[in-house]
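Please keep the sequence and the structure in view while reading.

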Amino acid sequence: MRSGGGSQYYLTDAQNSVIGLIDTSGKRTATYAYGPYGEPRTNSGTQQPFRYTSAYLDPTGLYKMGARYYDPNLGRFTQPDPSGQEENSYLYAAGDPIP
């Protein structure tokens, strides 16, 4: 990511969620943490839009995940699954994001 004329690099976890940023010297410039459904717990330092599972966090607080928006406070998508293959078409991770 480029900001302010400098480069920063994403740090991700096993879910590919962005947990931080570092600058070119290796200094941490931001820290992010999430609850099991992606609800923000820590948000400090450089602001950037990619967060939980590397999804785009829009200004309304919803994540853009493919064809749908996801509300981390509800733990559900705001639109039904367009494929129609899910039993409950609004659930995220079949209602259990922690395997």
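Throughout this report, two residues are said to be in contact when they have heavy atoms within 4.5 Å. The model is predicted, and the description that follows is to be read with that in mind.

## Overall architecture

The protein chain contains 0 helices and 9 strands, and, read along the sequence, its pattern is accordingly β-β-β-β-β-β-β-β-β. The C-alpha trace spans about 50 × 25 × 20 Å along its principal axes.

Of the 99 residues in the protein chain, 28% count as buried, and the accessible surface amounts to about 6000 Å², with 52% of that surface belonging to carbon and sulfur atoms. When contacts between residues at least 6 apart in sequence are considered, 23% of them join residues at least 24 apart.

An open sheet of 5 strands is present, with the order 1-2-3-4-5 and antiparallel pairing. Strand 1 and strand 5 are at its edges and have a single partner strand each, so one side of each of these two strands is left without a neighbour in the sheet.

Within this sheet, strand 2, covering residues 6–12, pairs with strand 3, covering residues 18–23, in the antiparallel sense over 5 bridges; in this pairing Q8 stands opposite D23 of strand 3. Strand 3 in turn runs antiparallel to strand 4, to which it is joined by 3 bridges, and here L21 has A30 in strand 4 as its bridge partner.

Strand 4, made up of residues 28–34, and strand 5, made up of residues 40–45, also pair in the antiparallel sense, over 5 bridges. Two of the facing positions may be named for orientation: Y34 stands opposite P40 in strand 5, and Y32 stands opposite N43 in strand 5.

## Hairpins and turns

Strand 3 and strand 4 form a hairpin that has 4 residues between the strands, and G26 in the turn has a positive phi of about 90 degrees. A hairpin is also formed by strand 4 and strand 5, with 5 residues between them, and in that turn G38 has a positive phi of about 90 degrees.

T24 is located in the loop between strand 3 and strand 4. Is T24 buried or exposed? The relative accessibility of T24 is 64%, and because exposed means over 50%, T24 counts as exposed.

## The start of the chain

M1 lies in the segment before strand 1, the strand that covers residues 2–3. With a relative accessibility of 27%, M1 counts as partly exposed, since that category lies between under 20% for buried and over 50% for exposed.

If residues up to four places away in sequence are not counted, M1 touches G6, S7, Q8, Y10, L21, T46 and Q48. For L21, which is 20 residues from M1 along the chain, the C-alpha atoms of the pair are separated by 8.9 Å.

## Charged side chains

How many salt bridges does the structure hold? The structure holds 1 salt bridge, in which the side chains of E39 and R41 meet at 4.0 Å, N to O. R41 has a relative accessibility of 58% and therefore counts as exposed.

D71, which lies in strand 8, residues 68–71, is buried yet has no salt bridge. The nearest side chain of opposite charge is that of R76, at 9.0 Å, whereas a salt bridge requires a side-chain nitrogen of Lys or Arg within 4 Å of a carboxyl oxygen of Asp or Glu. What the side chain of D71 does reach is the backbone nitrogen of N73, at 2.9 Å. Apart from neighbours within four places in sequence, D71 is in contact with L62, R76 and T78; R76 is thus among the contacts of D71, although the two residues do not form a salt bridge.

Technical notes. Residues numbered from 1 in each chain as written. Predicted model: local features only at pLDDT ≥ 70, side-chain atom pairs only at ≥ 80, totals over all residues. Heavy atoms only, no water. Pairing = 2+ DSSP bridges. Buried < 20%, exposed > 50% of the residue type's maximum accessible area, 1.4 Å probe, protein only. Lys, Arg positive; Asp, Glu negative; His and termini not counted. Polar contact = N/O pair within 3.5 Å; in protein donor to acceptor, adjacent residues only side chain to side chain. Areas by Shrake-Rupley, 256 points an atom, 1.4 Å probe, with all protein chains shown as cover.
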